[in-house]
Amino acid sequence: AGGRDTGRGGRGADDEAEDVDEAEEVEAVLGAFTRHRSRPLVTQYSDLSARTLFEDPLSRFHLVALLPGAWAELGGRASPFAEADAQRAEREAALSAALRPPPSGPPPPRLPVHSDSERAGLQARAVAVLADSAAALDGEAVGVEVDASQHPTVLTYLGVKRASLPAFVLLDTNRSKAVHVLPAADGGGLPSVHVVVSALRRFVSGEIRAAFASEPEPEVAEQARSAMRVLVGSTYHTAAHEAAVDVLVLFHAPWCAHCTAMLSTLHQLAADHQGDEGLRVCSMKMPGNEADGLAVHIFPSLFLFPAVDVKLGRGTPGEPAPAARPGYPASAAMGKEPVLFTGVDRALPALERFLAQHRRTVHAPLMIHS
């Protein structure tokens, strides 16, 4: 009675359900389009705007201008907190660069070091180049203006040094992190509007390819001493998308205090699950580790990559992988779709409940935490 009526041309419950689904889909697309078109061509980066900037499905490509801000003035300094962040980020970047093997793909360009006396003039010109480029692109990419003196950790995240500001970076939030830093013009000046627009379009078309960084792989003996496995850029895909196991990965950053607390909890969870052959508990530090298809912008971010369920027809050879959602690690060709932990409570019992709800492998009863 509730099925499709094919004999008399009537409409059954299945038709009505399809109409509802189509109407909801159209409404969602129109809503996203309206938000996208109502956004200014250039958006100021802030802690509040970061998530909406990088997770809008219609704003995949970004043209980012990194400005010196308070550092543009001779002897200028940011707030004490930002200065401490900047110094710590520079030390960590230098150490990471010393230990890091060459990235796959083309090497990043060598940016010039600007003197204090020329940085103020360059900042004004960079703002104008960003505005004119965004106007010429007219929605092909989101223009983002970042005051690096207020957000110094963005420099480490994007791989740019303070002395090279201002600088332009192209960002693809659907496939990877910052993948292309625009080289300086001849003589060390800023690229022109024509160069910026042309590079962005070549970047969108795939002509400009990513260079992915990776820290050295941990020694086997070092990994064996811990219940939690440490991933780096070169090992991420193989580990996270291992078909037969559920893989829990915490993406963390060294400047993030919440990450430190969550890492400690995850170490305990990994210890409690030792011997559970259906689960891998992993962590991956960012920046310094990148991979094609990896787009994580909020720290800490905890994702579960559930084991492939062959009975559901997922992971069939040749089956196209689902498209990655902005801010999510892209699904592998095996068909794994990551599940993001969104709970406010990050205590061990909450993580155990998250695992129990989403993992697919059979596991033995575990210690119950009160």
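**Entry 1. Disulfides and cysteines**

I looked first for disulfides, pairs of cysteine sulfur atoms within 2.5 Å, and the structure holds zero of them. I worked throughout on a predicted model, in which local features need pLDDT of at least 70, side-chain atom pairs count only at pLDDT 80 or more, and totals for chains, interfaces and linings use all residues. I numbered residues from 1 along each chain as its sequence is written, and side-chain values use heavy atoms, with hydrogens and water left out.

Buried means under 20% relative accessible area, exposed over 50%, and partly exposed in between, for a 1.4 Å probe and protein chains only.

**Entry 2. Overall make-up**

I recorded 10 helices and 10 strands. These are DSSP runs numbered from the N terminus: helices are H or I with at least four residues, and strands are E with at least two. Of the 370 residues in the protein, 46% are buried. I also looked up contacts, meaning heavy atoms within 4.5 Å. Among contacts with a separation of 6 or more, 76% join residues 24 or more positions apart.

**Entry 3. Nonpolar cores**

In soluble globular proteins, nonpolar side chains tend to be buried together. I therefore searched for nonpolar cores, each a set of buried Ala, Val, Leu, Ile, Met, Phe, Trp, Tyr and Cys residues joined through side-chain atoms within 4.5 Å. The largest has 43 residues, and Leu66, Phe251 and Phe299 have the most contacts inside it. Helix H5 (residues 153-158) gives the largest share of this core, four residues. A second, separate core has 20 residues, including Leu122, Val129, Leu190 and Val196.

Which residues does phenylalanine 299 touch? Leaving out residues up to four places away in sequence, I listed Tyr157, Phe251, His252, Ala253, Trp255, Cys256, Cys259 and Met286. A cis peptide bond joins phenylalanine 299 to proline 300, with omega of about -5 degrees. Proline 300 is in the loop between strand S8 (279-285) and strand S9 (301-305).

I next examined the pockets and cavities, which are found on a 1 Å grid over the protein atoms alone: a cavity is a set of points where a 1.4 Å probe fits but cannot get out, a pocket is an open set with protein on both sides within 12 Å along at least five of seven lines, and lining residues have an atom within 4 Å of a point. A volume is the space filled by probe spheres set on the points, which are joined across faces, edges and corners.

The second largest pocket holds about 1,200 Å³ of space. Of its 42 lining residues, Tyr45, Trp255, His297, Ile298 and Phe299 are the closest to its centre. By class, the lining has 26 nonpolar, 10 polar and six charged residues. Here Ala, Val, Leu, Ile, Met, Phe, Trp, Tyr, Cys and Pro count as nonpolar, Asp, Glu, Lys and Arg as charged, and the others, Gly among them, as polar.

Valine 249 lies in strand S7 and is buried at 0% relative accessibility. Apart from residues up to four places away in sequence, valine 249 touches Leu231, Cys282, Met284, Ser301, Leu302, Phe303 and Phe305. The C-alpha atoms of valine 249 and phenylalanine 305 are 7.9 Å apart, although 56 residues separate the two along the chain.

In helix H10 (residues 348-358), I noted Leu348, Ala350, Leu351, Glu352, Phe354 and Leu355 as buried. The buried residues of H10 pack against S7, H9, S8, S9 and strand S10 (339-340).

**Entry 4. Aspartate 138**

Most residues other than glycine have a negative phi, and most peptide bonds are trans. Aspartate 138, not a glycine, has a positive phi of about 50 degrees. Aspartate 138 is partly exposed, at 45% relative accessibility, in the loop between helix H4 (116-137) and strand S3 (142-147).
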